[in-house]
Amino acid sequence: MSDDSRTVPQEQLPSDDLHPPPMPVINLGHLNLDPAIRACVVEDITKACRDLGYFQIINHGISQSVMDGAVDAASDFFKLPSETKEEFASDDLRRPVRYDTSSKDGISMSRAYLKHYAHPLSEWVQYWPEKPPIYREYMGNFATEVRRVALQLMEAILEGLGLGKDYQHEKFEQGLQLMSVNCYPKESEGDTAIGLAPHSDYGFLTILFTSCRGLEVVDRNSNSWKVVQPLPHALHVHVGDHMEVLSNGKIKTVVHRAVLNPEEARISMASINGFAMHEKVSSARELVNEQNPEKYTASSFNDFLDYLTSNLDNKHRNFLESLRMQGA
């Protein structure tokens, strides 16, 4: 049950952390205002997806107490004794809940993580950790709220692509949500500074909340690493592999990595959103024509897991590249 799709050698890219260019910040509350204002916000979101593949959102409707509660729940889980956490350890990528530390997935350099399905919550929460006692309630509250935000963003992006906000509405409503809860240690002398190697995410959108700085994304314009400076109460959004497929390449997936923070340990919680397990994603017919022929083979989350399982020893595995049609 991995969210990792594309890996690239991090030494190929310089860092742009000394003078990071500004990142788009979207006021999501403006989507609910009059049609003219909504149209401007839709255009801003679509432009950020098309030009960069990432942005931050504010005024998203998730309370600070819900966000802080999820961080507390995650922190308390990672503080549990190893034997308690390792009850969820498994090499089976299809387990509904899976805990692991660095070294096994090929891209984790220095992190511990807990991954679990979260939608529908009533179906999956029974498998989540019972310890700490707050985990199910607090993480469940955050997962539910962040999924609402994901659906709101998807409507805007689909509208911006010209597909209409109700495009394949039921498939998105019934889709999969995977929570990836991560703990990165404070950087110490002699350790690698990389917590999670460069990769892209499966799914349409990843929405992430982080307790402090540590996320970097590839800036396409400068072909360098760009530090994400988290704003207070903001969420970071980046697009995934299946958004590239659905848009037939109009929107590109984002390569990103996690670096260790020299000042403190970091908690991050990523909500990865896609279609249901066996529901295949293909390029929208409306975005395919003679000038822009179909570029990708249809695939599902189940296909992605099959690909990962058969490529466990390949650290540079690339699911998205495996979907590209010849000549695309």
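Reply: Strands (E, at least two residues) and helices (H or I, at least four) are DSSP runs, numbered from the N terminus. Keep in mind that this is a predicted model, where local features need pLDDT of at least 70, side-chain atom pairs count only at pLDDT 80 or more, and totals for chains, interfaces and linings use all residues. Residues are numbered from 1 along each chain as its sequence is written, and side-chain values use heavy atoms, with hydrogens and water left out.

Me: In which order do the 8 strands of the open sheet come?

Reply: In general, strands of a sheet pair through backbone hydrogen bonds, either parallel or antiparallel. Here the order is E1-E2-E10-E7-E12-E5-E4-E3, with mixed pairing. E1 (25-27) and E3 (97-101) stand at the edges with a single partner strand each, so one side of each has no neighbour in the sheet.

Me: How do I read the pairing of E1 with E2?

Reply: Those two run parallel, and 3 bridges join E1 to E2 (residues 54-58). Look for Ile 26, which sits opposite Ile 57 in E2.

Me: And which strands does E5 pair with?

Reply: E4 (residues 112-117) is joined to E5 by 6 bridges, antiparallel, and Leu 114 faces Val 181 in E5. E5 is also antiparallel to E12 (residues 266-274), through 9 bridges; Cys 183 has Ile 267 as its bridge partner in E12.

Me: Is E5 enclosed or open, and why?

Reply: Buried means under 20% relative accessible area, exposed over 50%, and partly exposed in between (1.4 Å probe, protein chains only). In E5, 8 of the 9 residues are buried, so the strand is largely enclosed by the rest of the structure.

Me: What does the side chain of Gln 177 reach?

Reply: A polar contact is a pair of N or O atoms within 3.5 Å; within protein, one must be able to donate a hydrogen and the other to accept it, and residues adjacent in sequence count only if both atoms are side-chain atoms. Gln 177 is in E5 (residues 176-184) and is buried at 1% relative accessible area. Its side chain reaches the backbone oxygen of Ala 143 at 3.0 Å and makes a polar contact with the side chain of Ser 271 (2.9 Å).

Conventions
Two strands pair if DSSP finds at least two bridges between them.
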